[in-house]
Amino acid sequence: MNLLGTAGAIFLVILNIVVIILGLGLIIIGALIYKESGLVNDDISPVLNAITGGDFTLSDLIKIIAIAIIVIGVFTFLVSAAGIVGTCGKFRPILVTYGVIVFLCGIGEIWVLAEVAKLKNKLNDTIKEELLNVLSYYKGYNLDIISIAWNLIFYLFECCGVNKQSRVDDFQSTAWSRGSDVIPGYCCREATLLTAANLNGTACTTNPTAQNAYVESGCYDFLNDRLTGYSDGVISVATFILVTEVMAIIASLILFWQITVDVDRKRGVERSRRVADISLSQRAYQIGSQSGQGTNTVIV
């Protein structure tokens with residue numbers, strides 16, 4: 001293999017190692033989003049599932065993003081591993097298969113990213129309105145499903161209401177009989193899951209400030225920022241992977257061409273040797289025949 005082929009092989013191996021690392025990272029990130037982000041949670045799902053964008057909910061969209069990340073990561077890992085095997089072993093069938101699969105994966109990734117962006121944009125148009133609608137059923141510390149879900153959202157995500165409560169009083173239009181309280185105890189910075197319900201009537205709930213409560217953090221901003229962060233992160237990483245895969249396809253084509261040239265050259269050399277061997281054998285036979293004829297002539 002000449003310098004171009006060797007450089008292509010090294011470059012392809014390095015590219016695939018990078019993509020394998022990115023693939024593993026995507027699998028881990030997707031799993032964390034799906035299981036540990038706190039957004040996919042049975043206790044807060046009544047609120048998330050109430051936020052719809054047609055045939056899907058905010059909870060569904062988060063799961064779709066997480067699954068898309070995992071799927072892209074798995075395919076990226078497997079395909080890149082096959083690319084390394086084909087490169088190191090100089091297996092042309094594997095290289096061809098690798099190039100085709102990478103091309104198809106690239107098209108699939110573009111489609112997935114486009115669909116995720118489409119769903120996100122569609123849902124963004126209704127998130128705040130839907131959140132305010134769901135919040136209207138909030139009843140403070142009652143043990144109904146909606147109130148429990150909202151309280152956990154306030155506590156887990158360190159937000160309060162839908163908008164920033166320092167500017168808008170979202171709880172005014174809810175079913176909560178709040179008395180002198182402005183915000184629930186779950187919006188207090190000092191709150192825990194055990195003490196939040198007992199903070200009613202305190203300075204935090206009756207006179208909330210940025211120092212003692214999350215009045216500067218609306219839950220809409222949190223959810224929207226988190227959702228945007230997930231989708232933008234996926235798009236950025238997937239775009240980088242796509243660019244890397246395009247470079248890998250080019251490198252694999254160069255390597256395939258070089259391997260083919262080397263194989264053809266080797267076959268040509270072997271063919272020339274066989275032809276030369278045959279020619280030498282025939283010539284030796286002719287010389288032997290001529291010597292035999294000359295000997296016979298002398299004998300006669």
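In helix H5 (residues 127-135), the buried residues are Ile127, Leu131, Val134 and Leu135. Seen down the axis of H5, these buried residues fall within an arc of 100°, so they line one face of the helix. The arc is taken over the directions from the helix axis to the C-beta atoms. Buried stands for under 20% relative accessible area, exposed for over 50%, and partly exposed for what lies in between (1.4 Å probe, protein chains only). Helices (H or I, at least four residues) and strands (E, at least two) are DSSP runs numbered from the N terminus.

This is a predicted model, in which local features need pLDDT of at least 70 and side-chain atom pairs count only at pLDDT 80 or more, while totals for chains, interfaces and linings use all residues. Residues are numbered from 1 along each chain as its sequence is written, and side-chain values use heavy atoms, with hydrogens and water left out.

**Overall make-up**

- The protein chain has eight helices and zero strands, and from the N terminus on its elements run α-α-α-α-α-α-α-α.
- Of the 300 residues in the protein chain, 40% are buried.
- The protein chain exposes about 16100 Å², and carbon and sulfur atoms supply 63% of that area. Accessible areas come from the Shrake-Rupley method with a 1.4 Å probe, and for residues only the protein chains shown count as cover.
- Among contacts in the protein chain with a separation of 6 or more, 73% are between residues 24 or more positions apart. A contact means heavy atoms within 4.5 Å.

- Val96, Val100, Phe103, Leu104 and Ile107 form a nonpolar surface patch with about 460 Å² of accessible area together.
- Patches are made of residues with over 30% relative accessible area and no salt bridge; like charges are joined within 9 Å, and nonpolar side chains (Val, Leu, Ile, Met, Phe, Trp, Tyr) within 5 Å.
- Leu104, one of the patch residues, lies in helix H4 (residues 92-124). Its relative accessible area is 51%, so Leu104 is exposed.

**Charged side chains**

- The count of salt bridges comes to one, where a salt bridge is a side-chain nitrogen of Lys or Arg within 4 Å of a carboxyl oxygen of Asp or Glu.
- The side chains of Arg178 and Asp169 meet in a salt bridge at 2.6 Å, N to O. Asp169 counts as partly exposed because its relative accessibility is 30%.
- Asp170 is buried yet has no salt bridge, and the nearest side chain of opposite charge, Lys128, is 8.1 Å away. Lys and Arg count as positive and Asp and Glu as negative, whereas His and the chain ends are not counted.
- Asp170 sits in the loop between helix H6 (145-157) and helix H7 (203-206). Not counting residues up to four places away in sequence, Asp170 touches Leu132, Leu135, Gly161, Val162, Asn163 and Gln165. Leu135 is also one of the buried residues of H5.

**Other residues in the loop between H6 and H7**

- Glu158 is found in this loop and has a positive phi of about 55° although it is not a glycine. With 44% relative accessibility, Glu158 counts as partly exposed.
- Arg189, also in the loop between H6 and H7, is partly exposed at 41% relative accessibility. Arg189 and Asn212 are 23 residues apart in sequence, and their C-alpha atoms are 5.5 Å apart. Beyond neighbours within four places in sequence, Arg189 is in contact with Ala210, Gln211, Asn212, Ala213 and Tyr214.
- Asn198 belongs to the loop between H6 and H7 and is exposed, with a relative accessible area of 58%. Its C-alpha atom is separated by 9.8 Å from that of Pro184, 14 residues apart along the chain.

- Gly218 lies in the loop between H7 and helix H8 (219-299) and counts as buried at 2% relative accessibility. Gly218 and Phe157 are 61 residues apart in sequence and 9.7 Å apart in space, C-alpha to C-alpha. Leaving aside neighbours within four places in sequence, Gly218 is in contact with Cys159, Cys160, Gly161, Val162, Asn163 and Lys164.
- Ser80 is in helix H3 (residues 58-89) and is buried, with a relative accessible area of 4%.
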